[in-house]
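Dear colleague,

Please find the structure we talked about just below, followed by my notes on what turned up in it.

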Amino acid sequence: DSQEKDKGISLERAEEAKLKAKYPNLGQKPGGSDFLMKRLQKGQKYFDSGDYNMAKAKMKNKQLPSAGPDKNLVTGDHIPTPQDLPQRKSSLVTSKLAG
Amino acid sequence: NKTQSHSRGEYNVYSTFQSHEPEFDYLKSLEIEEKINKIRWLPQKNAAQFLLSTNDKTIKLWKISERDKRPEGYNLKEEDGRYRDPTTVTTLRVPVFRPMDLMVEASPRRIFANAHTYHINSISINSDYETYLSADDLRINLWHLEITDRSFNIVDIKPANMEELTEVITAAEFHPNSCSTFVYSSSKGTIRLCDMRASALCDRHSKLFEEPEDPSNRSFFSEIISSISDVKFSHSGRYMMTRDYLSVKIWDLNMENRPVETYQVHEYLRSKLCSLYENDCIFDKFECCWNGSDRQVEFLSLIVMTGSYNNFFRMFDRNTKRDITLEASRENNKPRTVLKPRKVCASGKRKKDEISVDSLDFNKKILHTAWHPKENIIAVATTNNLYIFQDKMN
C-alpha cells in the first residue's frame with residue numbers, strides 16, 4: 001500500500017513538473033488564499049445600476065436604442081443590461097496559471 | 001429476483017417547471033445564476049410531493065400535486081366557465097367530480113432567501129422533518145421549513161482577515177437518525193461532525209475526520225484532489241462516505257483518524273493531473289450515493305455508486321470488493337440490453353474493448369447519480385440526458 005502511495009506521489013510530482021514547466025510563475029500555494037478567493041468571487045460583474053435605471057426611466061418617454069447585435073460593445077449609446085455585460089474577471093485575483 | 005411480482009414500467013417526464021430565475025444583485029454587482037445546485041425530497045406526508053431546490057443564493061420549497069378529476073355540472077356556470085343567466089336555470093343538479101387527464105402542478109410554497117453571502121453548495125433535511133440546513137462556502141444555516149424570514153447560523157468559518165482563508169465548506173448533511181448531529185466537509189479533505197446540543201454556534205467540532213498525510217509526500221495537486229465534493233451518511237448512520245477527486249472513502253463515525261475503506265474511482269487520472277488542471281476538470285464536483293434499501297438488504301449500505309468521465313460510472317460492492325464500470329450512452333447501449341462492463345487501459349498494451357486514458361472524453365462527465373430508495377433502479381445524468389437503469393429481471 002505504501003508502495004502504491006509512493007508511485008502515486010511520483011506521478012503527481014511528474015505532473016507538477018510539467019505544469020511548472022509550462023507556467024513558470026505558478027504560485028507557490030495552489031490551494032491557498034488566491035485560489036479560494038477566486039472561487040468565492042464567482043459571478044462578479046461591474047455594472048452601473050444608476051445608468052441602467054435612469055435609462056429605463058427615460059425609455060418611458062422616448063425610444064432609446066437598446067443593445068445592438070454586437071453585445072460586447074457596451075458604450076454610452078445604448079442601455080446596458082446585466083445580460084449584455086461579459087463576465088469580468090476581478091482585477092484583484094489573477095488567473096491560477098499566472099504568477 | 002424471484003420475490004418481485006410486479007414488472008417495472010418505464011419512466012416518463014412527470015412534471016417540468018422553472019424553479020429559479022436569473023437575478024442580478026445590484027448592491028454587490030453579482031450575477032446570480034438560475035442554475036440549480038441541489039435538490040432534496042421531503043419525506044412524503046400526503047398525496048403531494050415536496051422538494052427543496054436551491055441555486056447559489058435562494059432555497060425554494062416546491063409542492064408538486066396531481067389533479068386527475070374536475071368538478072362538472074355547476075348550476076350557475078357553463079362547462080367553459082362562462083356564467084349562466086340565473087333566470088334561465090329551471091332545475092338544480094349536484095355537481096360531481098369526473099376524471100380528467102392527469103395534470104401535475106408545481107407551486108412554490110416557501111422561499112428562503114437572503115441568508116447566504118457565499119454560494120450555497122448543500123441542503124439537507126433533518127430527521128425531525130421540521131428543520132433543514134443550507135451550507136455555503138463559509139457558513140451553514142439552520143432553517144425551519146415553515147419559517148422563511150429567519151434562519152440561525154450554526155457554523156461560521158469565515159476568518160476575520162480574508163487573507164487567512166485556507167479552506168472552504170464543500171458539503172454538509174444531517175445525520176439520518178440523530179437530529180442534533182450533522183457533518184460538513186472541506187476543500188482540504190476533512191470532515192467535521194458537529195452536535196447542535198453542544199452550543200448554538202458549532203464552530204468547534206465534536207469529531208474531526210482526517211486521513212493523515214506525510215507532509216513530504218505532497219505535491220502541487222495534493223490539496224486540490226483531496227477536496228471533498230460530496231458526503232453521504234449510510235442508511236444506519238454508522239458510516240459516511242466522502243468523494244474526492246480520485247476516490248470514494250468510507251468512514252466509521254467511531255474512527256476519526258482514517259477511513260475504513262477506500263475505493264479508487266479513476267486512479268489512471270493521476271498521470272493526467274497537469275492537463276486536468278489546465279482544463280479545469282480537476283475542479284469537477286462528483287457526487288456519490290449508496291444503494292437503496294430493497295427487501296433483501298434493508299437499511300444496509302453495501303454498494304457505492306459514483307460517476308466519472310467518458311459517460312462512465314462506477315459501482316463498488318463493499319462485501320465482495322468487486323467493482324464495475326458501466327457507460328451511459330445511447331450509441332453503445334441499446335435499450336433493454338444488459339450493459340457491458342467497460343475497462344480503461346491505464347498504460348501499456350490496450351486490449352480489445354478497452355479504452356485508453358488518452359481517448360477518454362473529459363467533456364462527458366457524470367457528476368450526478370441517484371439510487372431508487374427501495375428498488376434496484378438507478379438514475380444517471382450525463383450532460384444532456386438522463387438514463388434510468390434497472391437490474392436485470394430473471
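Chain B contains 2 helices and 27 strands, where helices (H or I, at least four residues) and strands (E, at least two) are DSSP runs numbered from the N terminus. Please bear in mind that this is a predicted model, in which local features need pLDDT of at least 70 and side-chain atom pairs count only at pLDDT 80 or more, while totals for chains, interfaces and linings use all residues. Residues are numbered from 1 along each chain as its sequence is written, chains are lettered from A and ligands numbered from 1 in the order in which they are written, and side-chain values use heavy atoms, with hydrogens and water left out.

To stay with chain B for a moment, its C-alpha trace spans about 95 × 55 × 40 Å along its principal axes. Of its 394 residues, 46% count as buried, buried being under 20% relative accessible area, exposed over 50%, and partly exposed in between (1.4 Å probe, protein chains only). If one takes the contacts (heavy atoms within 4.5 Å) in chain B between residues at least 6 apart in sequence, 50% of them join residues at least 24 apart.

Chain A has 3 helices and 0 strands, and reads α-α-α along the sequence. Buried residues account for 31% of its 99 residues, and chain A exposes about 7000 Å², of which carbon and sulfur atoms supply 53%. For contacts in chain A between residues at least 6 apart in sequence, the share joining residues at least 24 apart is 64%.

Now to the charged side chains. Side chains of opposite charge can pair when their charged atoms come close. Over all chains, a search of the whole structure finds 28 salt bridges, each defined as a side-chain nitrogen of Lys or Arg within 4 Å of a carboxyl oxygen of Asp or Glu. In chain A, the side chains of A:Glu16 and A:Lys20 form one of them, at 3.3 Å from N to O; these two residues are 4 apart in helix 1 (residues 2-22) of chain A, and so are separated by about one helical turn. A:Glu16 counts as buried at 14% relative accessibility, whereas A:Lys20, at 30%, counts as partly exposed.

In chain B, B:Glu267 and B:Arg270 meet through their side chains in a salt bridge of 2.7 Å, N to O, with B:Glu267 partly exposed at a relative accessible area of 29% and B:Arg270 buried at 14%. Salt bridges that share partners join these two residues and A:Glu12 into one network. A further salt bridge links B:Glu72 with B:Arg70, their closest N and O atoms being 3.3 Å apart, and B:Arg70 is partly exposed, with a relative accessible area of 41%.

Lastly, B:Glu31 is found in strand 2 (residues 30-32) of chain B and is partly exposed, with a relative accessible area of 26%. B:Glu31 and B:Asn291 are 260 residues apart in sequence, and their C-alpha atoms are 37 Å apart in space.

Methods. Accessible areas come from the Shrake-Rupley method with a 1.4 Å probe; for residues, only the protein chains shown count as cover.
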